[in-house]
Amino acid sequence: AGRGAEAVFDSGVTANVEWRLRQLNGLLRLLTEREAELCVAVSSDLGKSSFEVVFAEVHFSKKPTLYHY
(Lines give C-alpha, C1' and ligand atoms only; values in the text may rest on other atoms or scores of the structure.)
Protein backbone atom coordinates (compact mmCIF):
# COMPACT_ATOMS: atom_id res chain seq x y z
CA ALA A 1 0.00 0.00 0.00
CA GLY A 2 2.85 2.37 0.76
CA ARG A 3 4.24 2.11 -2.77
CA GLY A 4 0.95 3.24 -4.36
CA ALA A 5 1.28 6.91 -3.50
CA GLU A 6 4.98 6.86 -4.30
CA ALA A 7 4.29 5.25 -7.68
CA VAL A 8 1.75 7.96 -8.53
CA PHE A 9 4.27 10.64 -7.60
CA ASP A 10 7.05 8.93 -9.56
CA SER A 11 4.81 8.78 -12.64
CA GLY A 12 4.84 12.58 -12.83
CA VAL A 13 1.06 12.93 -12.81
CA THR A 14 1.15 15.06 -9.65
CA ALA A 15 3.18 17.77 -11.42
CA ASN A 16 0.11 18.63 -13.49
CA VAL A 17 -1.73 21.63 -12.02
CA GLU A 18 -5.10 20.45 -13.33
CA TRP A 19 -4.60 17.09 -11.60
CA ARG A 20 -3.80 18.85 -8.32
CA LEU A 21 -6.87 21.06 -8.60
CA ARG A 22 -9.05 18.00 -9.24
CA GLN A 23 -7.61 16.38 -6.11
CA LEU A 24 -8.35 19.50 -4.05
CA ASN A 25 -11.87 19.63 -5.47
CA GLY A 26 -12.38 15.97 -4.54
CA LEU A 27 -11.17 16.62 -1.00
CA LEU A 28 -13.47 19.61 -0.65
CA ARG A 29 -16.40 17.57 -1.98
CA LEU A 30 -15.63 14.73 0.47
CA LEU A 31 -15.40 17.11 3.43
CA THR A 32 -18.67 18.77 2.43
CA GLU A 33 -20.72 15.70 1.51
CA ARG A 34 -19.51 13.53 4.40
CA GLU A 35 -19.31 16.20 7.11
CA ALA A 36 -21.88 14.49 9.35
CA GLU A 37 -20.13 11.12 9.07
CA LEU A 38 -16.76 12.70 9.77
CA CYS A 39 -18.20 14.39 12.86
CA VAL A 40 -19.51 11.11 14.22
CA ALA A 41 -16.22 9.30 13.57
CA VAL A 42 -13.94 11.98 15.01
CA SER A 43 -16.24 12.55 17.99
CA SER A 44 -16.21 8.82 18.68
CA ASP A 45 -12.44 8.46 18.25
CA LEU A 46 -11.28 11.64 19.99
CA GLY A 47 -14.19 12.50 22.26
CA LYS A 48 -14.69 15.91 20.68
CA SER A 49 -18.09 17.58 20.39
CA SER A 50 -19.64 17.87 16.92
CA PHE A 51 -19.20 21.65 17.10
CA GLU A 52 -15.48 21.26 17.81
CA VAL A 53 -15.08 18.72 15.02
CA VAL A 54 -16.79 20.95 12.45
CA PHE A 55 -14.78 24.04 13.27
CA ALA A 56 -11.45 22.59 14.40
CA GLU A 57 -11.20 19.69 11.95
CA VAL A 58 -13.55 19.97 8.97
CA HIS A 59 -13.40 23.73 8.38
CA PHE A 60 -9.68 23.75 9.16
CA SER A 61 -9.23 21.16 6.40
CA LYS A 62 -11.53 22.96 3.95
CA LYS A 63 -9.79 26.33 4.22
CA PRO A 64 -6.65 25.43 2.23
CA THR A 65 -8.73 23.83 -0.53
CA LEU A 66 -10.94 26.92 -0.84
CA TYR A 67 -7.87 29.15 -1.12
CA HIS A 68 -7.12 27.70 -4.56
CA TYR A 69 -10.53 28.51 -6.07
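Helices, which are DSSP runs of H or I with at least four residues, are numbered from the N terminus, as are strands (E, at least two). Phe 51 and Phe 55 both lie in helix α4, four residues apart, or about one turn of the helix. An α-helix has 3.6 residues a turn, so residues three or four places apart point the same way. The model described here is a predicted one, in which local features need pLDDT of at least 70 and side-chain atom pairs count only at pLDDT 80 or more, while totals for chains, interfaces and linings use all residues. Residues are numbered from 1 along each chain as its sequence is written, and side-chain values use heavy atoms, with hydrogens and water left out.

The structure holds one aromatic pair. Phe 51 and Phe 55 form this pair, with 4.7 Å centre to centre and 45° between the planes, which makes the pair tilted. For such a pair, rings of Phe, Tyr and Trp (its six-membered ring) have centres within 6.5 Å; planes under 30 degrees apart count as stacked, over 60 as edge-to-face and the rest as tilted. Phe 51 is exposed, at a relative accessible area of 61%; here exposed means over 50%, buried under 20% and partly exposed in between (1.4 Å probe, protein chains only).

Helix α4 has 18 residues, which at 1.5 Å a residue should span 26 Å, and its end C-alpha atoms are 24 Å apart, in agreement. The expected span is 1.5 Å times one less than the number of residues. A kink of about 35° in α4 is centred on His 59, the bend at a residue being the angle between axes fitted to the seven residues ending there and the seven starting there.

The largest nonpolar core has six residues: Leu 31, Cys 39, Val 42, Val 53, Val 54 and Val 58. Such a core is a set of buried Ala, Val, Leu, Ile, Met, Phe, Trp, Tyr and Cys residues joined through side-chain atoms within 4.5 Å. Both α3 and α4 supply at least two residues each to this core, and α4 gives the most, with three. Apart from neighbours within four places in sequence, Leu 31 is in contact (heavy atoms within 4.5 Å) with Leu 38, Val 58, Ser 61 and Lys 62.

Charged side chains complete the picture. A search of the whole structure finds three salt bridges, each a side-chain nitrogen of Lys or Arg within 4 Å of a carboxyl oxygen of Asp or Glu. One of them joins Lys 62 and Glu 35 at 3.5 Å, N to O. This pair links distant parts of the chain, 27 residues apart, with Lys 62 in helix α4 (residues 50-67) and Glu 35 in helix α3 (residues 35-46). Lys 62 is buried, with a relative accessible area of 12%, whereas Glu 35 is partly exposed at 23%. Leaving aside neighbours within four places in sequence, Lys 62 is in contact with Leu 28, Leu 31, Thr 32 and Glu 35.

Another salt bridge brings together Lys 48 and Glu 57 (2.4 Å, N to O). Lys 48 is partly exposed at 22% relative accessible area, and Glu 57 is partly exposed at 29%. Glu 37 also forms a salt bridge with Arg 34, their closest N and O atoms being 3.1 Å apart. Glu 37 is partly exposed at 48% relative accessibility, and Arg 34 is partly exposed at 42%.
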